[in-house]
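Here is a short briefing on the model shown below. It covers the sheet, the helices and the salt bridges.

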Amino acid sequence: MATLRDIKRKIDAVRKTSQITKAMNMVAAAKLRGAQQNMERFHPYALKFKEFIGRLAAGVEDASEYLLLTPKEEVKSIELLLITADRGLCGSFNTNLIVAAERFIRAKNAEGVKVTLTAAGRKGSEYFRRRRHAIRQNYSGLLNKVSYDDARRIGTELIEQFETGAADEVYVIYSHFVSIAKQKATAVRLLPITPSTEGEGGTSLEYIFEPSHQALLADLLPNYIFVQVLESLYQTSVGEHAARMAAMENATSNCKELVRSLTLIYNKARQAGITKELMDIVGGAEALRK
């Protein structure tokens with residue numbers, strides 16, 4: 001049975017842990033506000049850019065002129081960009097992304113398609129390296145400060161893989177930010193780019209091009225990939241901070257509950273010790289009387 005000193009040490013240790021988790025919760029909340037503001041400023045631009053590129057690509061008479069628009073006749077290899085966090089202590093955030101990537105890889109392998117991995121984030125990279133999965137490239141520190149330069153660097157490599165034929169399709173798996181309480185692992189095809197199709201009641205827009213349609217597409221299609229990668233990084237960054245804030249809040253609550261439970265055990269053990277000492281005193285006094 002644990003002594004009073006042991007229980008007291010446990011209570012002190014749990015209280016110190018609670019202070020750490022509370023501080024981490026506050027740090028994650030502060031980072032979340034900044035990351036969310038950046039994402040909300042960029043998100044409308046990314047949506048409009050995607051809509052514009054879709055319409056622009058839909059007006060192309062011969063898509064075979066543009067490699068980024070041309071689907072391969074047979075898909076034999078896929079490049080998968082997996083975006084995870086570099087650190088843990090954020091609940092099931094990284095696990096959900098890794099599980100989504102594993103399911104994607106298993107499904108494609110079952111179809112006879114080879115999947116190579118570009119891991120943006122230390123958690124995803126370490127997981128698949130331990131399982132000896134083919135990792136073509138890995139990055140770390142991207143979510144600490146999301147930048148266009150990083151998105152451009154990754155996007156350029158993905159485009160090169162597609163244009164050289166090393167990959168017939170390119171996908172990204174990232175954490176889609178739904179709300180502070182919910183982040184959803186999402187898989188999206190980046191390459192080849194899919195032209196938009198006008199829905200029912202949709203308005204068809206005509207554009208006047210200067211310079212030519214072809215010159216604009218040649219310049220904008222790579223930028224579309226950069227924008228989509230940057231949007232994925234922003235979404236995942238916000239999701240990481242939200243998940244860590246929630247995890248640390250739960251950990252702090254659990255610590256407080258554990259302190260209450262240990263305090264109750266401590267008081268019961270202390271009361272039992274006092275009762276035993278009183279019994280010994282009373283027993284000794286009775287023995288002296290006799």
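Two strands pair if DSSP finds at least two bridges between them. Strands (E, at least two residues) and helices (H or I, at least four residues) are DSSP runs, numbered from the N terminus. By these terms, β1 and β2 pair in the parallel sense over seven bridges.

This is a predicted model, in which local features need pLDDT of at least 70 and side-chain atom pairs count only at pLDDT 80 or more, while totals for chains, interfaces and linings use all residues. Residues are numbered from 1 along each chain as its sequence is written, and side-chain values use heavy atoms, with hydrogens and water left out.

**Sheet**

- Five strands make up an open sheet. Their order is β3-β2-β1-β4-β5, and the pairing is mixed.
- β3 and β5 are the edge strands, each pairing on one side only.
- From one strand to the next, the twist averages 25 degrees. Axes here are lines fitted to C-alpha atoms, for helices over the stretch in contact, and angles run from 0 to 180 degrees between N-to-C directions.
- Strands of a sheet pair through backbone hydrogen bonds, either parallel or antiparallel.
- Two bridge partners in β2 can be named. K114 is the partner of S77, and T116 is the partner of E79.

**Burial of the strands**

- Buried means under 20% relative accessible area, exposed means over 50%, and partly exposed lies in between (1.4 Å probe, protein chains only).
- Seven of the seven residues of β1 are buried, so β1 is largely enclosed by the rest of the structure.
- Both faces of β1 are covered. S77, E79, L81 and I83 are buried on one side, and I78, L80 and L82 on the other.
- In a regular strand the side chains alternate between the two faces of the sheet.
- β2 is largely enclosed too, because six of its seven residues are buried.

**Helix α4**

- α4 spans residues 148-163, 16 residues in total. From first C-alpha to last it reaches 22 Å, close to the 22 Å expected at 1.5 Å a residue. The expected span is 1.5 Å times one less than the number of residues.
- Its buried residues are D150, A151, I154, G155, L158, I159, Q161 and F162. They cover an arc of only 160 degrees around the axis, which puts them on the same side of α4. The arc is that of the directions from the helix axis to the C-beta atoms.
- What covers these buried residues? The cover includes the strands β1 (77-83), β2 (114-120), β3 (135-139), β4 (169-179) and β5 (182-191), along with helix α5 (213-289). Contact means heavy atoms within 4.5 Å.
- Just after α4, G165 takes a positive phi of about 90 degrees.

**Other helices**

- α2 (residues 93-110) lies across β1, β2, β4 and β5. It runs at about 150 degrees to β4.
- L264 is found in α5. It counts as partly exposed, at 48% relative accessibility.
- L264 and L217 are 47 residues apart in sequence. In space they are 70 Å apart, C-alpha to C-alpha.

**Salt bridges**

- The structure holds 11 salt bridges. Each is a side-chain nitrogen of Lys or Arg within 4 Å of a carboxyl oxygen of Asp or Glu.
- An α-helix has 3.6 residues a turn, so residues three or four places apart point the same way.
- In α3 (residues 122-130), R122 forms a salt bridge with E126, with the closest N and O atoms 2.9 Å apart. The two are four residues apart, about one helical turn. R122 is partly exposed at 37%, and E126 is partly exposed at 24%.
- In α1 (residues 4-58), E51 and K48 lie three residues apart, about one turn of the helix. Their side chains meet in a salt bridge at 3.6 Å, N to O. E51 is partly exposed at 31%, whereas K48 is exposed at 54%.
- The side chains of R153 and D150 meet in a salt bridge at 2.8 Å, N to O. Both lie in α4, three residues apart, about one turn of the helix. R153 is partly exposed at 39%, while D150 is buried at 16%.
- Salt bridges that share partners join K48, E51 and R55 into one network.
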